[in-house]
Amino acid sequence: MRAADKVLPEATLGRLTLYLRVLDSLSAEGTETVSSEVLAEASGVNSAILRKDLSLLGTFGRRGVGYEVGVLAGFISGTLGLDRDWRVAIVGAGNLGRALAGYGGFRGNGFRLVSLLDQSPELIGRRFADLDVRDAGELETLLPADAVNMAVLAVPGSAAQALCERVVAAGVKNILNFAPVVLQVPPGVQVRKVDMARELQILAYYAGHAGQGGPPGP
């Protein structure tokens, strides 16, 4: 079950992930229905924004009853594509890659970590998160063999573009990039960039304007 075939605003997509997280928690607690006000508050958004977001997906909720938790969670999951089998490879088994490999969010959220690759002889053959690190020099063979359809790049910026091109050539068109560079990809390839330095800089700005900064500089 999916929403109409249309592109949703990125801000809405981001909020849908929040709603789904809350709905999953409510379901685990045995809650069957939830009001828009409660769902919005638990998600940290305005209830009017929540209702507008959900209106883009279709008609939900009953006046005086609210939303059926399981139904709404299933529909949001389908809209986000989480009803597909996402087989994930992490390229880069350094500190960041190993931390990501151990991240519990892969499991139970529509993602399966199936491959962990690195080019370092010191790491190849070692085992992390129930996966053996394999040689990234063979990724053109390994990724198709593992039916990988989503890759996470946890490599230095200097290596990211070349590895990205190899990953795309291996048939993977969905990439999450942790490297501090903007990747150039052909049409049809989706790249999301996780830039922790950028987020910290924005956080510092807001903290400073809220009077929460550290001691003034010299």
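**Exercise 1. Find what covers the buried residues of helix 7 in this predicted model.**

Solution. Start with the helix itself. Helix 7 spans residues 157–169, and its buried residues are Ala160, Leu163, Cys164, Val167 and Val168. Now look for what packs over them: the cover includes strand 3, helix 6 (139–145), strand 7 and strand 8. Next, check how the helix is laid down. Helix 7 lies across strand 3, strand 7 (150–153) and strand 8 (174–177), and it runs at about 170 degrees to strand 7.

**Exercise 2. Check the span of helix 7 against the expected value, then look just past its end.**

Solution. Count first: helix 7 has 13 residues. At 1.5 Å a residue, you'd expect 18 Å. From first C-alpha to last, the helix reaches 19 Å, which is close to that. Just after the helix comes Gly171, with a positive phi of about 100 degrees.

**Exercise 3. Work out which strands stand at the edges of the seven-stranded sheet, and why each has a side without a neighbour.**

Solution. Write down the order: 5-6-4-3-7-8-9, in an open sheet with mixed pairing. Then read off the two ends, which are strand 5 (127–128) and strand 9 (190–193). Each of these has a single partner strand, so one side of each is left without a neighbour in the sheet.

**Exercise 4. Walk from strand 3 to strand 5, saying how each pair of strands runs.**

Solution. Here's a handy reminder: strands of a sheet pair through backbone hydrogen bonds, either parallel or antiparallel.

- Step one: strand 3 (residues 86–91) and strand 4 (residues 111–118) run parallel, joined by six bridges. Trp86 has Phe111 of strand 4 as its bridge partner.
- Step two: strand 4 also runs parallel to strand 6 (residues 131–135), this time with three bridges. Leu116 faces Val133 of strand 6 here.
- Step three: strand 6 and strand 5 are antiparallel, with two bridges. Phe128 is opposite Leu131 of strand 6. These two strands make a hairpin with two residues between them, and Ala129 in the turn has a positive phi of about 50 degrees.

**Exercise 5. Find two arginines that lie over aromatic rings.**

Solution. Go back to Trp86, the bridge partner of Phe111. The charged end of Arg84 sits over the Trp86 ring, 4.2 Å from its centre. Then return to Phe128, which stands opposite Leu131. Over the face of Phe128 lies Arg98, at 5.1 Å from the ring centre.

**Exercise 6. Decide whether Leu57 is buried or exposed, and say where it sits.**

Solution. Leu57 is in the loop between helix 3 (47–55) and strand 2 (67–68). Its relative accessible area is 6%. Buried means under 20%, so Leu57 is buried. Leu57 and Thr79 are 22 residues apart in sequence, yet their C-alpha atoms are 8.0 Å apart in space.

Conventions:
Residues are numbered from 1 along each chain as its sequence is written. This is a predicted model: local features need pLDDT of at least 70, side-chain atom pairs count only at pLDDT 80 or more; totals for chains, interfaces and linings use all residues. Side-chain values use heavy atoms; hydrogens and water are left out. A charge sits over a ring if NZ of Lys or CZ of Arg is within 6 Å of the ring centre and within 35 degrees of the ring normal. Two strands pair if DSSP finds at least two bridges between them. Helices (H or I, at least four residues) and strands (E, at least two) are DSSP runs, numbered from the N terminus. Contact means heavy atoms within 4.5 Å. Axes are lines fitted to C-alpha atoms, for helices over the stretch in contact, and angles run from 0 to 180 degrees between N-to-C directions. The expected span of a helix is 1.5 Å times one less than its number of residues. Buried means under 20% relative accessible area, exposed over 50%, partly exposed in between (1.4 Å probe, protein chains only).
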